[in-house]
Amino acid sequence: MSQQKTHDLYDFMRQMSAEMSAEYSRIQMRATEDPGTAGDQGEENWAELLRDWLPRNYEVVTKGRIISQEGVTSPQIDVLVLNGAYPKKLLNKKLYLAAGVAAAFECKTTLKASHIGEAVETCAKIKSLYPTRAGTPYKELHAPIVYGLLAHSHVWKGGDSTPEQNIEEKLREVDATFVSHPRLQMDLLCVADLAAWTSSKITFVGPGQISDWSAMAPMYGPNGSATSAYIGHTRSYEQQVEQFTPIGVLISYLSQKLAWENPSLRDLADYYRIANIAGSGRGHMRRWPSSIYSDEIRSRVEAGQLSNGMPWDEWHIGFQ
């Protein structure tokens, strides 16, 4: 693993990881007697973590549904993060206005493959409650809500088990089944004692950007494509940093994703990124045709009118 100078943030991430592991052991001791209470305790662990690490103007609540502008409601969600403008009168009504929900999470104490399918399907349903946005590649590739799946641990504990591979294969399988547009992609999956996965999107790579397209065509197709991926941050990744923790990935990337919609968070998100509490990752691309964009945006991305290296630019070539 690559090395980096010490930083107190690394100790904080390791401390949170140890606390989550201790909570998992405690919950499991009583899980067979009362699985419902065990699940509630697990959700509260994640809610407390988010309360501790998100800015104070966010409100973190448990057990609620999201209601769209048209009055359509989502399935029940375990943990919801409400933005600072949310009406105080409605905080405990358990039916939350879509425009005021910044993030939502399903929580599991012990992750199973079926949980991943359920979460990706629910994510697509919830993001479909939001009106399709237009005007920039960022807006057309993303819904204005972050959605994820959080777990203390997982079921693949046998000596020959390959939990990271199992999760990655399941993510690709259910993404192909339930995600019909990149904006419906799930954003985060964190297993506290294992690894974490984050959504990633490339706006478009095509012949209009690269003079010798023949070398790139096998990867992006003859006419070019946009791509999406789940980037896996795992301990086994050969370029992983020594300070890696899955919870560090969660804190860093959740902050980045929230900061696209809330610019006041950008300085802190940049700090986490530069401190590298998330480490490194890799993933498999899913190609998308340029027809995922509106006509105006499509013509510009096909022509390569994108930025590269400009922070927080909604016309950037890629988004994490």
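The structure is a predicted model. The protein chain contains 9 helices and 10 strands. Its radius of gyration is 20 Å, close to the 20 Å that the globule rule gives for 320 residues, so the chain is as compact as a globular protein of that length.

**Overall shape and surface**

- The C-alpha trace of the protein chain spans about 65 × 50 × 35 Å along its principal axes.
- Of the 320 residues in the chain, 52% count as buried.
- The protein chain exposes about 14700 Å², and carbon and sulfur atoms supply 50% of that area.
- There are 32 positive and 37 negative side chains in the protein chain. The centres of these two sets lie 4 Å apart.
- Taking contacts between residues at least 6 apart in sequence, 72% join residues at least 24 apart.

**Nonpolar cores**

- In soluble globular proteins, nonpolar side chains tend to be buried together.
- The largest nonpolar core in this model has 51 residues. The members that touch the most other members are I66, L111, I116, I167, L171, M186 and L189.
- Helix α3 (residues 113-127) gives this core its largest share, 6 residues.
- Another core, of 40 residues, lies apart from the largest one, and its members include M20, L150, V241 and A259.

**Strand β10: G318 and F319**

- F319 belongs to strand β10, which covers residues 318-319. G318 lies in strand β10 as well.
- F319 counts as buried because its relative accessibility is 2%, under the 20% cut-off.
- G318 has a relative accessibility of 18%, so G318 also counts as buried under that 20% cut-off.
- Not counting residues up to four places away in sequence, F319 touches P137, Y138, L141, H142, S199, S200, K201, T203, W260, D313 and E314.
- F319 and L97 are 222 residues apart in sequence, and their C-alpha atoms are 26 Å apart in space.
- G318 and A38 are 280 residues apart along the chain, and 40 Å separates their C-alpha atoms.

**Strand β7: T203**

- T203 lies in strand β7 (residues 195-205).
- The relative accessibility of T203 is 0%, so T203 counts as buried.
- Leaving aside neighbours within four places in sequence, T203 is in contact with P137, L141, A226, Y293, V301, L306, H316, I317, G318 and F319.
- This list includes both G318 and F319, the residues of strand β10 described above.

**Loop residues with positive phi**

- N276 is not a glycine, yet it has a positive phi of about 60°.
- N276 lies in the loop between α8 (266-275) and β9 (286-288).
- N276 counts as buried because its relative accessibility is 19%, under the 20% cut-off.
- W312 is another residue other than glycine with a positive phi, near 60°.
- W312 lies in the loop between α9 (295-302) and β10.

Terms used. Residues numbered from 1 in each chain as written. Predicted model: local features only at pLDDT ≥ 70, side-chain atom pairs only at ≥ 80, totals over all residues. Heavy atoms only, no water. Helix = DSSP H or I, 4+ residues; strand = E, 2+ residues; numbered from the N terminus. Rg over C-alpha atoms; globule rule 2.2 N^0.38 Å. Buried < 20%, exposed > 50% of the residue type's maximum accessible area, 1.4 Å probe, protein only. Contact = heavy atoms within 4.5 Å. Areas by Shrake-Rupley, 256 points an atom, 1.4 Å probe, with all protein chains shown as cover. Lys, Arg positive; Asp, Glu negative; His and termini not counted. Charge placed at Lys NZ, Arg CZ, Asp CG, Glu CD. Core = buried A, V, L, I, M, F, W, Y, C linked by side-chain atoms within 4.5 Å.
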